[in-house]
Amino acid sequence: MNDTPARLLRLLSLLQTPREWPGSELAERLGVTDRTVRRDIDRLRELGYPVTATLGAAGGYRLVAGAAMPPLLVEDDEAVAIAIGLRAAAGSAVAGIEEASVRALAKLEQVLPAKLRRRVRVLGTALMPSIDHAPAVDPEVLATLAVTVTNRERVRFAYRDEAGTETRRNAEPMGLVPARRRWYLLGYDLDRADWRVYRVDRISRPQPTAARFTPRALPADDAAAYVVGSRTDWGTPAFRLRLTIDAPADRVAGRLGDGPGEVVAIDERSCRIDAVRDDSPEWLAHRLLGLGADFRVHEPPELAAQLRAIAHRIERAVTTSEDR
């Protein structure tokens, strides 16, 4: 890459991935010599980007936190992912993040190219806000855990169990999983020599240890599969959900928090669900109303009662409006 500005932008994009970059690997990626990489690193430092260098076989270059946040460089698909994530975060269970998400989204959409802005808006219209009251997660705790997962770095933290008893944990974090409107950390507990799933809203004072680890083989196909299969504290009792919906199966699938295969086609214009679920009836009722299609509830009676309560509330609202 003989174009110096383009090369610097590409180098910056690589360094913004949280890892150590050996100079030889950067040179190979950029198609230049190690000496040119060193000069380009110096140029980035002059522009205010805090790039550190470590010696040794495992050393290399890394972009670290400085006194101020430098401009970020993201690819098109990364910009879209950030924007959609900010839209979702505006109504998430992460404490105090709603207003900050809206501000950041406004800044991002202002500079997005027209084609990306259209993609963000189209995808954003498909997002349905959560109406549950899941425990709020400290965004700093979530961010710290995410860094340790990315860096394959052992982490210590305080953990509060269901009874409120607090213990100290030393774990190898393998992944963060959002499931059933909560956040979970999957990690290998070093003191207990076994895999554990921790609710992030019960984690406090996480401390990265700077000790790297080699990832162990997961006890399932992936972290999400293990978390979903292991949790017993979703917060609502299991029940059988039986519905008939006057809409094609492909229009319904994925919109009711359903798992693979739960929505079964009856014909081209209708489908059914017959599954064991543990969602709250209130959440399911609002999701069903958001389908924009007729449906019939066969089970559970709690869901039918929730829908009747919503219908009465709407009827009262309409009657009050007409009286005025």
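Predicted model: local features only at pLDDT ≥ 70, side-chain atom pairs only at ≥ 80, totals over all residues.
I'm calling it a salt bridge when a side-chain nitrogen of Lys or Arg sits within 4 Å of a carboxyl oxygen of Asp or Glu.

**Entry: Asp40 and Arg7**

I looked up this pair and found a salt bridge between the two side chains, 2.5 Å from N to O. Asp40 belongs to helix H3 (residues 34-46) and Arg7 to helix H1 (residues 4-15), so I have a link between distant parts of the chain, 33 residues apart. Buried or exposed, I wondered about Asp40? Asp40 has a relative accessible area of 0%, so I put it down as buried, the cut-off being under 20%. Arg7 comes out at 6% and counts as buried too.

**Entry: Glu20 and Arg62**

Next I checked Glu20, which makes a salt bridge with Arg62; their closest N and O atoms are 3.4 Å apart. Here too the pair ties together distant parts of the chain, 42 residues apart. I found Glu20 in the loop between H1 and helix H2 (23-30), and Arg62 in strand S2 (residues 60-63). Arg62 is buried, at 14% relative accessible area.

**Entry: Asp201 and Arg199**

I then turned to Asp201 and Arg199, whose side chains meet in a salt bridge at 2.8 Å, N to O. Asp201 is buried at 14% relative accessibility, and I have Arg199 as buried with 7%.

**Entry: shared partners**

Which residues do salt bridges with shared partners join into one network? I noted Arg7, Asp40 and Arg43.

Terms used: Residues numbered from 1 in each chain as written. Heavy atoms only, no water. Helix = DSSP H or I, 4+ residues; strand = E, 2+ residues; numbered from the N terminus. Buried < 20%, exposed > 50% of the residue type's maximum accessible area, 1.4 Å probe, protein only.
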